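Please read the following report alongside the sequence and the 3D structure shown here.

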Amino acid sequence: MTVIDLNSDLGEGFGAWQLGDDDALLDVVTSANVACGFHAGDPTVLRRVTERAAERGVSIGAQVGYRDLPGFGRRFIDVDPAELVNDVIYQIAALDGFARIAGTRVRYVKPHGALYNAIVTNAAQAAAVVDAVRRYDPTLPVLGLPGSESLRQAESAGLTPVREAFADRAYTPTGELVSRRLPGAVLHDVEEIVARCVRMAVEGTVTAVDGTTVSVTPQSLCVHGDTPGAVEIARRVRAGLLEAGLTLAPFAV
């Protein structure tokens, strides 16, 4: 029986501003990518989400990103790699502190937004992220796109690379995500999302925007927490995966 992880980006509120339904999604997913304060999240948000994830047995991942609160971490920043190392260490440590108070710890690292996309091909920034994880805790897996520079370098550095696919994002023919600036980048049809998730998990392939077939072979599937209808999408995806005979479990425990 095939095992698959289901993750979501959580903890992305800030102060009085709330985004997504963390509590509802924590009842669905097996891993939570928790914002660490640079693109979203504040100390109160981090503590609440880590405590509730721990209560439900959901694995906690550090969702690290650029220092970009106004842009929600979705704008590329040409940051010096040495600074990026320190920024990533800072974010992991902040979340890990709250996770430990909740009786658990950070189990993996997943870059967010523009940083995630940049290190698919940007070797210098990928090296910075990998170096930060290695220095903080070399046992932490790194979540990323199959074939990305970040996963290649993670494996070369002795870290554990984990392949990720996206439930509700369109793919290019090269296996990258279609930019959110382009129409059709985010999918909303629940039936389509469920069907492609089952296909990705079972067959390891997805149809790109040009109709070609792309290999993804995911170990984890991501349902975005800020997508309209995210909770219902996540519930339907979970049900679809179980109906297809898959077992849902975190990749990092």
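## Contacts along the chain

In this predicted model, residues 24 or more positions apart account for 72% of those contacts in the chain that have a separation of 6 or more.

## Overall fold and dimensions

The chain contains eight helices and 10 strands. Its radius of gyration is 17 Å, close to the 18 Å that the globule rule gives for 253 residues, so the chain is as compact as a globular protein of that length.

## Surface and charge

Of the 253 residues in the chain, 54% are buried. The accessible surface comes to about 10500 Å², and carbon and sulfur atoms contribute 51% of that surface. The chain carries 23 positive and 31 negative charges, whose mean positions lie 3 Å apart.

## The nonpolar core

In soluble globular proteins, nonpolar side chains tend to be buried together. Here the largest nonpolar core has 73 residues, and the members that touch the most others are Ile-92, Leu-221 and Val-237.

Leaving aside neighbours within four places in sequence, Leu-221 is in contact with residues that include Ile-4, Asp-5, Leu-6 and Asn-7, and its partners also include Ala-165, Cys-197, Met-200, Ala-201 and Leu-241.

## Ala-239 in helix α8

Ala-239 belongs to helix α8, which covers residues 230-243. Its relative accessible area is 31%, which lies between the 20% and 50% cut-offs, so Ala-239 counts as partly exposed. Although Ala-239 and Val-28 are 211 residues apart in sequence, their C-alpha atoms are 9.6 Å apart in space.

How values were computed:
Residues are numbered from 1 along each chain as its sequence is written. This is a predicted model: local features need pLDDT of at least 70, side-chain atom pairs count only at pLDDT 80 or more; totals for chains, interfaces and linings use all residues. Side-chain values use heavy atoms; hydrogens and water are left out. Helices (H or I, at least four residues) and strands (E, at least two) are DSSP runs, numbered from the N terminus. The radius of gyration is taken over C-alpha atoms; the globule rule is 2.2 Å times the number of residues to the power 0.38. Buried means under 20% relative accessible area, exposed over 50%, partly exposed in between (1.4 Å probe, protein chains only). Contact means heavy atoms within 4.5 Å. Accessible areas come from the Shrake-Rupley method with a 1.4 Å probe; for residues, only the protein chains shown count as cover. Lys and Arg count as positive and Asp and Glu as negative; His and the chain ends are not counted. The place of a charge is taken as NZ of Lys, CZ of Arg, CG of Asp or CD of Glu. A nonpolar core is a set of buried Ala, Val, Leu, Ile, Met, Phe, Trp, Tyr and Cys residues joined through side-chain atoms within 4.5 Å.
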